[in-house]
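Here are a few notes to read alongside the model. Have a look at the structure first, then work through the points.

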Amino acid sequence: MAEFETLMMTRMPPLVVEGLTSVCTLHKLWDAADRERALAELAPRVRAIATAAGGERLDGAAMARFPNLKIVASFGVGYDHVDAAWAGAHGVVVTNTPDVLNDEVADTAMGLILCTVRQLPQADRFVRAGRWLEGPFPLTGSLRGRTLGILGLGRIGRTIARRAEAFGMRVVYHGRRPQHDVSYPYAPTPSALAQACDILVAITPGGADTHHIVNADVLEALGPNGIFINVARGSVCDQDALIAALRDRKILSAGLDVFADEPKVPRDLLEMEHVVLLPHVGSGTNHTRDAMSRLVVDNIASFIRSGAPLTPVAETPWPPAGAG
Ligand code: NAP
Ligand code: 8YV
């Protein structure tokens, strides 16, 4: 194999490091003593970049430093940290890790739904504080008769919908257009979706198109018995508006796996008893992270072998539009 050099931008799981080491020459930028010097020296030779959702942003200027760059393989299905449109326009294919995490993230969403509706973390804290000795835990809300609103009925959204149906919930959804192969009612706007449901789950991509699509108006429409769950990206929700809605009891509760400026979580949220907060663990199991790791490696390995990546993103289709 002619030498194929890959740059790993950020610390990635051992399975990715081992897998890439077996198929190409791997340079770990996060290990370099002098990052700028390493970048300057490696840039002309780098043909692949391995990176991760939540890692540093790879915009056009960052990718342009690598004149022979051919593929960016990202760990995670969300790729709002990569300017995929720029990559597509400059002959660079971008890959992500779709599907292998659908079940895990849907489980996390259901966990947040159960935790917020039934107040399970609060009940746990109640027992630990010895308060059960003083009397029973207050009765909570219930999933019975509830409607789940799914903002982003994609691969993960549909997986959440199937779980919600098994729990006996009704499902409604919003996306940019109605989907004709599902029987769930379509809501034409995020506000209409919020109005039509009791629990609103955001599971769209991040980025400019979805920036703050859950805003004060949407939360107002969700109403005082409504619950907001965010397993998408922090940027999808106006975090200040969410804090205000929770503080003023305009909504009942929120379950959040993602935040505007991770890993920073605003003190206002930390101090609220009626929210459930997770440290972006939607896909965070050994099983699923291993599957995601293998897909990062397999994308680069397949590209080296045959020139064809396995899971290119929509902006960089393979074969490229107009080719052969
Ligand atoms: P997907 O299959 O592409 O689904 C995304 C859905 O969002 C599509 O149904 C799309 O429907 C909808 N959508 C896109 N842009 C929209 C807009 N501007 N307004 C309303 N709806 C819009 O993606 P996926 O694999 O399900 O993943 C979804 C996202 O979940 C990822 O991009 C990532 O941000 C997040 N995620 C989070 C975690 C976590 O750990 N918390 C883990 C994995 C993924 P239309 O095309 O019909 O609009
Ligand atoms: C990632 C995620 O594991 O897939 C995504 O989009 O958000 C998570 O599954 C996390 O961002 C680490 O890269």
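1. How many residues of the shell around ligand 1 are nonpolar, polar and charged? The shell divides into 10 nonpolar, 11 polar and 6 charged residues (Ala, Val, Leu, Ile, Met, Phe, Trp, Tyr, Cys and Pro count as nonpolar, Asp, Glu, Lys and Arg as charged, and the others, Gly among them, as polar).

2. Before going on: this is a predicted model, where local features need pLDDT of at least 70, side-chain atom pairs count only at pLDDT 80 or more, and totals for chains, interfaces and linings use all residues. Residues are numbered from 1 along each chain as its sequence is written, chains are lettered from A and ligands numbered from 1 in the order in which they are written, and side-chain values use heavy atoms, with hydrogens and water left out.

3. Back to ligand 1: it is surrounded by 27 residues, and R155, I156, R176, V231 and D257 are the closest (surrounding means a heavy atom within 4 Å). A polar side-chain atom of D257 sits 2.8 Å from a ligand 1 nitrogen. On the backbone side, a polar atom of R155 is 2.9 Å from an oxygen of ligand 1, and an N or O atom of G154 is 3.0 Å from an oxygen of ligand 1.

4. Now ligand 2. Its surroundings include F75, L101, H280 and M292. The shell here splits into 6 nonpolar, 4 polar and 2 charged residues.

Conventions:
A polar contact is a pair of N or O atoms within 3.5 Å; within protein, one must be able to donate a hydrogen and the other to accept it, and residues adjacent in sequence count only if both atoms are side-chain atoms.
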